[in-house]
Amino acid sequence: MSSEGVVTRAAPPPLSLRALTELAEHQGVHPDVRDLEAVLGTLCDLAADLARLETTLSLEVAGQ
Amino acid sequence: VTLVGVVDDIAARALTPREAVQRTLDRIDRFDPSVNAYITVRAEEALAEADAAPAGLLHGAPIAVKDVIDVAGSPTTAGTRLLVNNRPSRDAVVVARLRAAGAIVVGKLNTHEFAYGPTTTSSHIGPTHNPWSLDRIAGGSSGGSAAATAAGLAVATLGTDTAGSIRMPAALCGVTALRPSPGLVSRRGVIPVAQTFDTVGPIARSAEDCALLFSVLAGQPYRSQERTHGLRVGVVQALVDLAEPGVAAVVDAAICVLADIGTLVDPVEIPLLMTAGAIQQSIMLPEAASWHLARLRTSLGEYSVDVRRRLLSGLFVPATSYLTGLRMRSLYRDDIARVFERYDVLVAPTMPCTAPPIRRDGDGPNDEYASYRRAVIPFNAPWTVAGHPVLSVPCGFSQGLPVGLSLVGRPYDESTVLGLGRAFQAATNWHERLPTFEDPVVAAMTRIRDQEIT
């Protein structure tokens with residue numbers, strides 16, 4: 001956290017295929033591994049984007 | 001043939017509703033084998049309904065709707081084999097309004113599977129072809145609606161737009177279309193994608209046609225008098241710069257036209273513009289997955305590969321990320337609202353590119369449309385997320401393919417964008433250009449390729 005209270009958030013590490021499988025099965029869905037490998041890329045991109053959003057949110061809060 | 005023209009001809013008794021419908025059915029018979037815009041043609045029903053159509057704003061007009069919109073007694077397949085037996089017993093509210101105004105529903109139009117993709121290539125009946133170049137996509141997800149309008153296979157159509165699904169195909173097919181402000185047009189009887197963003201809107205040949213159709217859909221008259229003098233127009237230069245050079249050049253020329261007809265044109269910066277894509281995805285992905293969850297449990301393998309993978313992605317977006325997206329959307333709306341204190345309308349390219357070629361296995365495991373899909377998000381998300389009405393108007397051609405210009409208004413101020421669209425179309429004739437797609441050799445080759453794809 002900076003002196004202005006702004007949190008710069010780094011993108012989290014990607015979930016493992018095993019974790020994705022367990023999360024899907026927890027919701028009653030049983031995807032195959034090729035689909036999950038493809039999904040992983042989308043999730044990594046989104047996680048990075050969301051980290052930037054959270055930083056922006058933090059900036060807005062700090063600016064209020 | 002415009003919607004207003006057909007309605008006027010019928011009112012003047014120069015044309016009967018049955019003749020108007022028959023003319024449309026004849027064109028569908030002749031050209032739809034090349035375009036593949038229709039999933040269901042209601043030929044017999046439409047002719048019978050034409051004879052009994054009530055006199056109203058749309059008396060006798062042959063109109064078709066995207067196949068996610070219920071028409072009583074006709075299948076609503078949403079472009080998926082999962083729903084081929086789904087036959088609703090009630091009309092969607094928008095269809096009931098069309099009928100009450102005297103329109104004739106001639107059929108149901110192709111869509112990306114479950115309206116969840118920008119190409120209209122994953123449907124169970126195969127891809128819709130762009131009438132301007134049959135080997136190219138029509139865009140999506142309302143690809144059948146835009147292609148049918150461009151090819152004259154209906155005088156106007158309805159589409160749905162969650163994240164660009166009306167605007168994108170309209171731009172790629174060279175027709176005019178309106179994404180209304182959310183909440184103005186009923187979604188009852190329409191298969192959803194993401195409830196926060198879903199809208200239903202008109203696709204037609206002109207802004208005047210869109211205004212007429214939108215008046216019926218929204219249940220209140222919308223003025224669309226040409227209005228330009230003193231109108232403050234902000235050019236979203238960041239998106240012009242992000243578009244392909246050919247598209248940017250066409251859009252630059254269109255912006256010059258806007259200045260010529262009396263608007264005050266300035267470049268504008270939107271500080272949070274590039275956050276819109278992430279906001280949109282963080283909200284849309286889990287909302288779509290939620291609606292499909294029961295079917296994902298039982299019928300996962302029945303979805304096309306690309307739609308299945310997008311839906312699966314939504315299973316793994318945490319609730320905290322969804323809520324971050326919603327909070328960020330509020331900030332984003334405030335950001336846009338500050339811009340609209342200085343401008344009446346913003347303009348930007350509807351798409352960064354013209355229609356890309358249809359890939360033989362584009363929606364398959366190699367996801368050959370991935371780069372196209374990523375490229376379009378920054379162009380539609382900024383207005384989707386903010387909840388503003390957008391009118392996309394044809395504004396020229398790049399290498400023979402149509403380019404669209406988005407006119408973005410304040411929330412619930414459809415009248416201003418429709419009025420500016422009318423003024424732009426009074427000064428240009430891009431919306432009057434028609435595709436010449438009747439080459440029988442191309443059509444035969446297209447059919448052969450479709451058999452290979454499906």
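In the predicted model, Thr120(B) sits in the loop between S3 and strand S4 (129–130) of chain B. The phi angle of Thr120(B) is near 55°, a positive value in a residue other than glycine. Most residues other than glycine have a negative phi, and most peptide bonds are trans. Thr120(B) counts as buried, because its relative accessibility of 0% falls under the 20% limit.

A positive phi is also found at Gln399(B), which is not a glycine; here the angle is about 50°. Gln399(B) belongs to the loop between strand S12 (390–398) and strand S13 (401–408) of chain B. With a relative accessible area of 82%, Gln399(B) is exposed, whereas Thr120(B) is buried. A further backbone feature is the cis peptide bond between Gly140(B) and Ser141(B), where omega is about 10°. Ser141(B) is located in the loop between strand S5 (133–137) and helix H5 (143–151) of chain B.

Chain B as a whole contains 15 helices and 13 strands. A compact globule of 454 residues would have a radius of gyration near 22 Å, and the value of 20 Å for chain B agrees with this. Along the principal axes, the C-alpha atoms of chain B fill a box of roughly 55 × 55 × 40 Å. Of the 454 residues in chain B, 65% are buried. When contacts between residues at least 6 apart in sequence are considered, 78% of those in chain B join residues at least 24 apart. The accessible surface of the chain amounts to about 15,900 Å², and carbon and sulfur atoms account for 50% of this area.

Helix H4 of chain B (residues 93–100) has four buried residues: Val94(B), Val95(B), Leu98(B) and Arg99(B). These residues lie on the same side of H4(B), because they cover an arc of only 140° around the axis. An α-helix has 3.6 residues a turn, so residues three or four places apart point the same way. The partners against which the buried residues of H4(B) pack are helices H3 (43–51) and H7 (207–218), together with strands S2 (62–66), S3 (104–109), S6 (156–161) and S8 (199–204), in chain B. After H4(B) comes Gly102(B), which has a positive phi near 100°.

Thr40(B), in strand S1 (residues 38–41), has a relative accessible area of 16% and is buried. Beyond four places in sequence, Thr40(B) touches Pro75(B), Val106(B), Gly107(B) and Lys108(B). Gln280(B), in helix H10 (residues 276–299), is buried with a relative accessible area of 1%. Apart from neighbours within four places in sequence, the contacts of Gln280(B) include Ala163(B), Phe197(B), Ile377(B) and Asn380(B). Ala370(B) is part of helix H13 (residues 370–386) and is buried, at 14% relative accessible area. Between Ala370(B) and Glu226(B) there are 144 residues of sequence separation and 39 Å in space, C-alpha to C-alpha.

Pro12(A) is partly exposed, with a relative accessible area of 34%. Pro12(A) and His26(A) are 14 residues apart along the chain, and their C-alpha atoms are separated by 22 Å.

Conventions: Residues are numbered from 1 along each chain as its sequence is written. Chains are lettered from A and ligands numbered from 1 in the order in which they are written. This is a predicted model: local features need pLDDT of at least 70, side-chain atom pairs count only at pLDDT 80 or more; totals for chains, interfaces and linings use all residues. Side-chain values use heavy atoms; hydrogens and water are left out. Buried means under 20% relative accessible area, exposed over 50%, partly exposed in between (1.4 Å probe, protein chains only). Helices (H or I, at least four residues) and strands (E, at least two) are DSSP runs, numbered from the N terminus. The arc is that of the directions from the helix axis to the C-beta atoms. Contact means heavy atoms within 4.5 Å. The radius of gyration is taken over C-alpha atoms; the globule rule is 2.2 Å times the number of residues to the power 0.38. Accessible areas come from the Shrake-Rupley method with a 1.4 Å probe; for residues, only the protein chains shown count as cover.
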